[in-house]
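These are my notebook entries on one structure. I set down what I looked up, topic by topic.

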Amino acid sequence: MHVRHLTLKDFRSYPSAELALTPGVTTFVGLNGQGKTNLVEAIGYLATLGSHRVATDQPLVRFGAAQAIVRGAIVRDEHETMVELEITPGRANRARLGRSPVARPRDVLGTVRTVLFAPEDLSLVKGDPSERRRFLDELLVQRQPRWSGVRSDYDKILKQRNALLKSAAPVLRKGSRRPPRPPRDGEPLVDEARESALQTLDVWNDHLATVGSQLLYARLRLLRDLVPDLADCYDAVSAAPSNARATYRSSLHEELAARIAAGEVPEIDELRAGMLETLDSVRTGEIERGISLVGPHRDDVVLSLGDLPAKGYASHGESWSFALGLKLAAYRLLRRDLGDDPVLVLDDVFAELDSGRRERLAALVGDCEQVLITAAVGADVPDVLRERGSTVLVELGQVVTEAGGEPLEPVPADE
Amino acid sequence: MYEGAVQDLIDELGRLPGVGPKSAQRIAFHLLQQDSEDVNRLVTALTEVKAKVRFCEVCGNVAQAERCRICADPRRDQTSICVVEEPKDVVAIERTREFRGTYHVLGGAISPIDGIGPDDLRVRELMPRLASGEVQEVIIATDPNLEGEATATYLSRLLRDVGVTVTRLASGLPVGGDLEYADEVTLGRAFEGRRQVNA
Ligand SMILES: Nc1ncnc2c1ncn2[C@@H]1O[C@H](COP(=O)(O)OP(=O)(O)OP(=O)(O)O)[C@@H](O)[C@H]1O
Ligand SMILES: [Mg+2]
Ligand SMILES: [Zn+2]
């Protein structure tokens with residue numbers, strides 16, 4: 001698939017912009033802060049309903065404006081679809097597909113798929129577990145949009161359960177659990193409040209395990225499909241056999257976690273039972289701390305090079321190659337799965353790579369249907385890529401074409 | 001801040017569900033500009049609703065007497081009870097004409113975030129209704145969203161050993177929504193296709 005046209009209104013630094021795009025390679029060149037990343041960020045937002053740079057929507061809306069609009073014309077198998085998002089911070093986004101509004105923004109997921117690689121992705125290797133979980137879950141959604149719903153159900157369950165753990169903590173902390181039976185003669189009354197809190201907790205355990213095991217199962221299968229390509233892509237970029245690996249670290253009990261770490265993908269029912277069992281065993285700790293300690297939200301993916309973990313050990317360049325390897329592997333997975341190329345975005349990537357890595361990356365992405373590249377210095381992008389496509393100059397929030405490109409519609413700089 | 005009575009009115013209106021400070025102000029000034037007659041009608045309606053309407057002592061639905069119209073009707077099937085979250089759900093289900101039994105209104109759903117646990121709902125009041133042995137089926141018709149599902153799970157576990165058949169409305173209702181927004185046909189079908197729950 002490819003993006004044929006992008007329209008922005010009050011997105012980031014752009015009061016408005018109309019940008020025509022073609023298949024092949026497009027390189028956006030311009031000085032720092034001119035608005036190159038803003039353009040590709042908008043395309044990423046259409047694909048994921050999120051930005052690769054910020055967690056909230058406020059910075060995406062042009063300073064002083066109330067809402068932003070991003071619209072893309074997406075071509076897949078010669079069939080064009082228009083997708084539009086209206087971003088209003090603090091409120092639910094509104095979305096359109098073709099001419100019709102959709103019930104929920106997530107209904108547009110899957111219309112355009114992107115794999116975006118940017119300097120921020122270094123945190124995949126160096127950052128918190130949450131970064132790696134997000135990578136997996138986002139890829140899961142790109143692969144099959146229905147996971148977006150499962151993800152949001154899981155988050156809601158987690159919030160409810162944590163609220164219960166906090167509010168019921170004073171009641172729950174009292175003594176050990178009594179068997180749920182009527183008191184015998186002379187026996188003190190079972191603490192009813194405590195019993196009812198525990199029964200409610202059981203209900204949330206049940207829901208957490210049901211939805212959590214689905215999410216975990218999906219992640220494990222995804223990782224299993226991703227890992228072979230990961231080593232391949234890492235090696236292709238770095239030109240050295242590395243044995244780059246990714247293993248899943250689960251918060252489930254030891255026996256199950258060990259099998260998962262060894263690459264096994266247990267059935268959903270077993271994961272569900274394991275989750276319930278582990279939840280029971282950490283109950284005291286959960287009540288003390290008032291947070292949920294078991295489930296996919298506590299898991300991590302351990303990245304390693306040879307025998308060493310990447311985090312804390314890999315060099316800066318190796319970390320870059322690793323993050324790039326993950327993204328390229330994701331690209332291949334989606335391409336294979338969907339029988340269609342996602343849009344590949346390489347944001348400020350070439351400046352960070354040595355010349356050998358640049359050339360090898362260029363060779364790897366040469367046959368992708370659409371590649372969008374941003375660079376402050378055009379010369380950082382290997383000639384083979386720039387020769388295959390067009391270069392677009394970005395200056396002060398204006399898009400100007402250089403030789404070889406499709407004509408671009410003029411972009412007014414102000415309202 | 002306004003003086004005395006105006007501010008009191010704004011404060012009271014602001015405590016209503018779904019009314020923010022801005023709307024409260026707008027409504028207050030709207031009322032100020034109305035004829036006394038119009039305002040008096042509103043006052044009467046408010047007083048009457050408090051004086052005449054109460055909650056049915058059996059099922060918790062809104063009622064004009066000790067018992068609601070449905071509980072007082074001898075033609076209703078006393079062997080099945082349909083458990084719902086709110087009185088408005090009773091109205092929605094009555095519209096389908098699919099159900100001839102009686103209701104039990106919980107007054108909400110389990111939602112720890114909102115500080116609502118089983119003890120804040122009319123769960124306890126359900127048990128004596130099942131004690132006589134006359135009731136054979138309890139149909140759980142809580143909303144098809146997370147909190148409704150959690151409440152359904154809680155109830156079906158609670159009723160496991162009571163000796164009644166516990167059923168849940170068939171799927172097909174719009175997920176994540178409110179029961180009251182389901183159209184009659186969909187809701188009617190969900191009723192017909194209800195399934196026994198194994199807690
Ligand atoms: N919400 C916003 N409202 C107005 N301007 C914004 C907003 N968000 C970002 N900007 C401006 O956009 C510019 C950044 O654009 P962008 O990140 O696309 O730069 P870039 O061309 O990719 O630069 P670099 O080469 O440094 O990566 C900054 O000057 C910033 O002030
Ligand atoms: Mg940039
Ligand atoms: Zn009644």
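I take helices (H or I, at least four residues) and strands (E, at least two) as DSSP runs, numbered from the N terminus. The model is predicted, so I note that local features need pLDDT of at least 70, that side-chain atom pairs count only at pLDDT 80 or more, and that totals for chains, interfaces and linings use all residues. Residues are numbered from 1 along each chain as its sequence is written, while chains are lettered from A and ligands numbered from 1 in the order in which they are written.

Entry 1

Entry 2
I recorded an open, antiparallel sheet of 6 strands in chain A, in the order 2-1-4-5-6-7. Strand 2 (14–20) and strand 7 (100–101) of chain A each have a single partner strand, so they stand at the edges with one side lacking a neighbour in the sheet. Two strands pair if DSSP finds at least two bridges between them. In chain A, strand 1 (residues 2–11) pairs with strand 4 (residues 68–76) over 7 bridges, in the antiparallel sense. A:His2 stands opposite A:Val75, and A:Thr7 has A:Arg71 as its bridge partner.

Which strands of this sheet does helix 1 of chain A touch? Helix 1 packs on strand 1, strand 2, strand 4 and strand 5 (79–87) of chain A, and its direction makes about 105° with that of strand 1. Contact means C-beta atoms, placed from the backbone, within 7 Å. Axes are lines fitted to C-alpha atoms, for helices over the stretch in contact, and angles run from 0 to 180 degrees between N-to-C directions.

I then followed strand 4 of chain A to strand 5 of chain A, to which 9 bridges join it, antiparallel. These two strands form a hairpin with 2 residues between them, and A:Asp77 in the turn has a positive phi of about 50°.

Entry 2: the sheet with strand 9.
Another open sheet of chain A has 3 strands in the order 9-10-11, with antiparallel pairing. Strand 9 (244–249) and strand 11 (308–309) of chain A are at its edges, each with a single partner strand. Strand 9 and strand 10 (residues 300–305) of chain A pair over 6 bridges. Helix 5 (residues 192–238) of chain A packs on this sheet, touching strand 9 and strand 10, at about 165° to the direction of strand 9.

Entry 3: chain B.
I noted that 13 residues of chain B are in contact with 16 residues of chain A. The chain B side divides into 7 nonpolar, 4 polar and 2 charged residues.

Key. Two residues are in contact if their C-beta atoms, placed from the backbone, lie within 7 Å. Ala, Val, Leu, Ile, Met, Phe, Trp, Tyr, Cys and Pro count as nonpolar, Asp, Glu, Lys and Arg as charged, and the others, Gly among them, as polar.
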